[in-house]
Amino acid sequence: MHKHHQKSRPPPSPRSPLKTASKRPNLKKLLRKAQVKPLKQVAALPFRVGADGRIEVLLITSRDTGRWIIPKGWPMAGRKAHQAAEREAYEEAGLEGQIAANPVGRYHYQKRFDHGRAFPCMVRVYPLRVEAQHERWPEQAQRTLRWFPPEEAARLVHEDELQELLTDFATRPVEIRGERG
C-alpha cells in the first residue's frame, strides 16, 4: 500500500519588483470584464518645456503596428494609477520625472490582442514632466521615440479623444502640470 504524500515545493523565489509589477493581468479575466465595460489602462503624457518656453510632448511607436502613441499599460498591483503610468514611461521610453497624481484626461480605443479580437479600453492620462532619460530601458529596441509640439503630436495619433487631449494640453498653464499630488 502506497502512502499518498504531497511533494513539498521549495519556497517561491523572490521576484524582482520589475517582473512582478509588469506582469500582464489574466487575459481570460480581462476579456470577461471587457464584455461588460471598457478595460482600464493608464498612460503617461511625457512633456518638457524648451528654452523658448514652448511645450513638447514625447510620442513612441506601438510595438505591433508602429503607429504613434503615448506610453501606456495595465494598472499594476501595489501601485496607484499614476505610479503605474510612470512605470510604463520608464519601461517603454526610459523616462524619469515628476508625474501628476491626477489625470489630465482620458481617451478610448480598441485594444487588439494576439488572437485578433479587439476590446474597448479607457485610458486615464497622467502628465509626466520629463527630467531625465536613461541610456538603457526594457523596450528600447522595440520602439521609436520622438518629441513633437502638442499640435503636431495630435495630428499623428489615431484616437480622436487623444488628439483633443494633446491639443488642449498645449494651451494649459505649465505650472499645474507635473506637480506631485
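A polar contact is taken here as a pair of N or O atoms within 3.5 Å; within protein, one atom must be able to donate a hydrogen and the other to accept it, and residues adjacent in sequence count only if both atoms are side-chain atoms. The structure is a predicted model, in which local features need pLDDT of at least 70 and side-chain atom pairs count only at pLDDT 80 or more, while totals for chains, interfaces and linings use all residues. Residues are numbered from 1 along each chain as its sequence is written, and side-chain values use heavy atoms, with hydrogens and water left out.

The side chain of Thr61 reaches the backbone nitrogen of Thr144 at 2.8 Å. Thr61 belongs to strand β2, residues 55–61 (helices, H or I with at least four residues, and strands, E with at least two, are DSSP runs numbered from the N terminus). With a relative accessible area of 10%, Thr61 is buried (buried means under 20% relative accessible area, exposed over 50% and partly exposed in between, with a 1.4 Å probe and protein chains only). Leaving aside residues up to four places away in sequence, Thr61 touches Gly66, Arg67, Trp68, Ile69, Arg143 and Thr144 (contact means heavy atoms within 4.5 Å).

The rest of β2 is mostly covered as well, with 6 of its 7 residues buried. Strand pairing comes next (two strands pair if DSSP finds at least two bridges between them). β1 and β2 run antiparallel and are joined by 3 bridges, and Arg48 has Glu56 of β2 as its bridge partner. The hairpin of these two strands has 5 residues between them, and Gly53 there takes a positive phi near 85 degrees. With strand β8 (residues 145–148), β2 pairs in the antiparallel sense over 4 bridges; here Ile60 stands opposite Leu145. Strand β3 (residues 68–69) is also an antiparallel partner of β2, over 2 bridges, and Thr61 stands opposite Trp68 in this strand. β2 and β3 form a hairpin with 6 residues between them, where Gly66 in the turn has a positive phi of about 80 degrees.

Trp68 leads on to the aromatic rings. Across the whole structure, the search finds 3 aromatic pairs (rings of Phe, Tyr and Trp, the last by its six-membered ring, pair if their centres lie within 6.5 Å; planes under 30 degrees apart count as stacked, over 60 as edge-to-face and the rest as tilted). One of these joins Trp68 and Phe148 edge-to-face, at 5.3 Å centre to centre and with 80 degrees between the planes. Because Trp68 lies in strand β3 and Phe148 in strand β8, the pair ties together parts that are 80 residues apart in sequence.
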